[in-house]
Amino acid sequence: MATVKLFGVFRDLTGWSESVIDVPTLGALKAKLVADHPGLADRLDQPTTLVIKNALLLHRSERGDELPLEASDEIAFGPPVSGG
């Protein structure tokens, strides 16, 4: 299980901001989210989507589908941030 947090449009599309989901990998988490909320399909794999694991922003090369998730992990998805 991992605690999943959603921000911005991700939260808007699902109707929730935090949930606990029992999945073994990041890829399984994304598949579960898309199965439950098809509107996320085009957004989760966008290069600009923020993926944060345990308060650390993951670089695109670090967020492969095989990334293991532990029960104590917190994963967050959010839209790109811009501004100045």
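This is a predicted model: local features need pLDDT of at least 70, side-chain atom pairs count only at pLDDT 80 or more; totals for chains, interfaces and linings use all residues.
Contact here means heavy atoms within 4.5 Å.

**Around Leu 50**

Leu 50 sits in strand β3, which covers residues 50-53. Leaving aside residues up to four places away in sequence, Leu 50 touches Leu 57, Arg 63, Ala 76, Phe 77, Gly 78, Pro 79, Pro 80 and Val 81. Take Val 81 from that list: Leu 50 and Val 81 are 31 residues apart in sequence, yet their C-alpha atoms are 8.4 Å apart in space. Leu 50 counts as partly exposed, because its relative accessibility is 23%.

**Salt bridges**

How many salt bridges does the count come to? The count comes to six, and the table shows some of them.

| Pair | Closest N to O distance |
|---|---|
| Lys 5 and Glu 18 | 3.9 Å |
| Lys 32 and Asp 36 | 2.8 Å |

Lys 5 belongs to strand β1 (residues 2-6) and Glu 18 to strand β2 (residues 18-21), so their bridge ties together parts 13 residues apart in sequence. Lys 5 is partly exposed, at 23% relative accessible area.

Lys 30 lies in helix α2 (residues 26-36) and Asp 45 in the loop between α2 and β3, so this pair ties together parts 15 residues apart in sequence. Lys 30 is buried at 9% relative accessibility, whereas Asp 45 is exposed at 57%.

Lys 32 and Asp 36 are four residues apart in helix α2, so about one helical turn separates them. Lys 32 is partly exposed at 37%, and Asp 36 is partly exposed at 43%. Elsewhere, salt bridges with shared partners join Lys 5, Glu 18 and Glu 74 into one network.

Notes:
Residues are numbered from 1 along each chain as its sequence is written. Side-chain values use heavy atoms; hydrogens and water are left out. Helices (H or I, at least four residues) and strands (E, at least two) are DSSP runs, numbered from the N terminus. Buried means under 20% relative accessible area, exposed over 50%, partly exposed in between (1.4 Å probe, protein chains only). A salt bridge is a side-chain nitrogen of Lys or Arg within 4 Å of a carboxyl oxygen of Asp or Glu.
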